[in-house]
Amino acid sequence: MHKIIVRGNNPLFGEVDIQGAKNSALKIMTASILTPEPVIIDNVPNIRDVSVMADVLKELGLTVAREGRKVTLQANGSIGIEAPYQLVSQMRASIIVLGPLLARFGRAKVAMPGGCNIGLRKIDLHIRGLEKLGAKIDVGQASLEVRTDRLVGANIPLDFPSVGATENIMMAACLAKGTTVLDNAAREPEIVDLVNCLNSMGARINGAGTSTLIIEGVERLKGVSYKVIPDRIEASTFLVAGAITGGDVTVKSVCPEHLGLVTKKLKMVGCEVSEGENSINIKGPSSLKPVNISTLPYPGFPTDMQAPFMALLSKAEGLSIITENVFENRFSFINELSKIGGQITIERHHAVITGGRTMVPGVVRAPDLRAGAALVLAGLAAHGSVEITDIHHIQRGYEDFTSRLASLGANIEITEDESLVELAVGDGLNFETPSAGVGL
Ligand code: UD1
């Protein structure tokens, strides 16, 4: 019912504050299952995925209240163990309730996950890891059930450093008997953030940010007040917006060290990038250079920035190759980009981008969260008007995306049922205003 209309080809200028990291906030919300005491999380973005996770947790029986950027959760009283399809199908990250429920209550049942349409996104590593901790697993057609009398620490090597499997197994291991060694663990900043939060709750986890996590099980965890790190993917998206429009944009409230390879690649395409303590400024050049990119688990180039860079490199003078190593089928938005001037061919997991393209007017569909954002970025560079439909995908992960781009000078708006919605209203979810601690 909603679409975004961008009238592009004007440079963006100004500063934008970056919100808390979606992929941290969601997991830290699930960590609240591990304790009966209140968990207060600050810097939680106002996005649809957070809202869905709040609904999942409320369905389980947690109390969830939001006050501004703070979300307070408490898992005391009667807590259920089943996350239903109607919610899990909306967001794959719901699967992360599995480990905490199993650890605290010895049982969990989760419907098979949905989420971004980017390949199979299997859960075999989650299952095998929990089995090694002593869980009995029953995989049905529509749901996954796990149970245990007592989890016991184990040595668990992951075949691939899956972010979700690392989080699920680590949270289960927090309350297991004895020590768990998780090898080939994911090293993303959001994993480090979750570890820092869990350790503040009384967990004993060492090695965060390395590929070996050592988790000594404890009897119980306590409540915490914790602030989520800035969203490096949102920051990167706004930097690409500056780059693709030849503008001058500063992202504030960020951790520049988390953007490592993204800023490096932005420099390689010819942007001037300067880092402050908590900010990054980008000045886009009049002409962009081609680069090759391979996505990899952190500290490699983030797969979530693959689509935005595809849009950017469509403007570069020459051929670029992007190799997708993390997800299958993450090139599905190429058809959409082609409709507005992109010229890309696919050879297995390599995309060859013929640059020097002028983005043209057209109507495109956001196939998933990051590809949706990439189409908006392409629209910012278009000569004419680009309409993006299915923008609920974008609202999953970007708070007030259009109004924040508009504040940088973008000519962009959201329409609903053919009538324009005032940008001032914002395009994020309207959580009710703070004061009384409104339930999510
Ligand atoms: C998380 C992020 C997502 C990011 C991704 C990779 C959240 C909510 N989402 O997703 O934005 O793009 O990390 O950085 O944090 N795999 C298996 N078996 C498993 C688990 C994963 O084969 O049991 C495969 C997946 O199919 C995929 C790859 O491993 O090809 C990476 O998946 P994973 O790291 O688990 O990503 P998510 O946690 O789903």
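Visitor: Where does Ile40 sit?

Guide: Ile40 is in strand β3, residues 39–42. Helices (H or I, at least four residues) and strands (E, at least two) are DSSP runs numbered from the N terminus. This is a predicted model, where local features need pLDDT of at least 70, side-chain atom pairs count only at pLDDT 80 or more, and totals for chains, interfaces and linings use all residues. Residues are numbered from 1 along each chain as its sequence is written, and side-chain values use heavy atoms, with hydrogens and water left out.

Visitor: Other topic: which residues of α5 are buried?

Guide: In α5 (residues 124–132) they are Leu125, His126, Ile127, Gly129 and Leu130. These buried residues pack against helices α4 and α6 and strands β8, β9 and β10. Just after α5, Gly134 has a positive phi of about 105°.

Visitor: What about α1 and α7, how do they cross?

Guide: The axes (lines fitted to C-alpha atoms over the stretch in contact, with angles from 0 to 180 degrees between N-to-C directions) come within 9 Å and cross at roughly 30°.

Visitor: Which residues meet there?

Guide: Asn23, Ser24, Lys27, Ile28 and Ala31 of α1 meet Glu190, Asp193, Leu194, Cys197 and Leu198 of α7.

Definitions and conventions. Buried means under 20% relative accessible area, exposed over 50%, partly exposed in between (1.4 Å probe, protein chains only). Contact means heavy atoms within 4.5 Å.
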